[in-house]
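Work through the following exercises with the model open beside you, and compare each step with the solution given.

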Amino acid sequence: MSNNRGQGGSLTSHSKELVSISYMFAICAQTGLNLSDPKLDNDGVDITLRGKGYKNYAWSKPKVDIQLKCTRFKRSNIDFKKRTLSFQIKKENYNELTDIEYPSILVINTVPKNQDHWIKQNNHSLGLRYNCYWYSLMGEDELSKGSKILKIPLSQKLTPEAVLWLMEQAASKKIIKNIGRVYD
């Protein structure tokens with residue numbers, strides 16, 4: 001069997017998409033937010049988080065569009081001294097996230113190199129390995145060509161608390177800024 005396919009025969013890229021969406025469903029289960037996923041990703045949106053009941057905010061039903069990317073963990077992609085994750089993003093994907101009218105973020109899901117280690121199960125739990133990190137490009141200048149390497153702060157881990165903070169930013173009609181805030 002090809003290295004581009006899992007044991008069940010599906011393409012690894014499809015499996016990466018499924019594990020990333022599973023992470024998002026787990027976050028929504030804890031926060032009470034809703035998750036919708038477009039059938040066709042032709043505008044840089046893989047999923048949309050939706051909230052409701054945000055009284056006393058500019059939007060009572062905020063939403064945040066998310067572009068999901070999944071990458072296998074490599075020590076060369078993480079700078080532990082600077083506490084950043086390096087991720088190369090194509091111009092098209094980058095430019096779709098710069099719009100300030102609609103809140104959107106990039107979410108990078110890191111998974112173990114070996115697909116058999118993406119999920120860990122024992123008698124008490126089923127866990128996804130490793131983590132997701134969020135990054136905002138809202139208000140940035142578009143790229144004219146090529147790609148760009150982003151330095152994503154490891155403190156921007158996509159936790160339930162971080163997702164609720166992002167939703168508050170959207171409800172307040174604020175441009176989501178990278179702040180490197182620690183949510184743990």
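**Exercise 1: Aromatic pairs**

Tyr 54 has a relative accessibility of 13% and therefore counts as buried (buried is under 20% relative accessible area, exposed over 50%, partly exposed in between, with a 1.4 Å probe and protein chains only). The model is a predicted one, in which local features need pLDDT of at least 70 and side-chain atom pairs count only at pLDDT 80 or more, whereas totals for chains, interfaces and linings use all residues. Residues are numbered from 1 along each chain as its sequence is written, and side-chain values use heavy atoms, with hydrogens and water left out.

Task: classify the ring pair of Tyr 54 and Tyr 57, and then that of Trp 134 and Trp 165.

Solution. Step 1: rings of Phe, Tyr and Trp (its six-membered ring) pair if their centres lie within 6.5 Å, and planes under 30 degrees apart count as stacked, over 60 as edge-to-face and the rest as tilted. Under this rule there are three aromatic pairs.

Step 1: the ring centres of Tyr 54 and Tyr 57 are 5.5 Å apart and the planes stand at 70 degrees, so this pair is edge-to-face. Tyr 57, at 33% relative accessibility, counts as partly exposed.

Step 2: for Trp 134 and Trp 165 the centres are 5.9 Å apart and the planes are at 40 degrees, so the pair is tilted. This pair links distant parts of the chain, with Trp 134 in strand β9 (residues 132-135) and Trp 165 in helix α3 (residues 160-171), 31 residues apart; helices (H or I, at least four residues) and strands (E, at least two) are DSSP runs numbered from the N terminus. Trp 134 is buried at a relative accessible area of 0%, and Trp 165 is buried at 15%.
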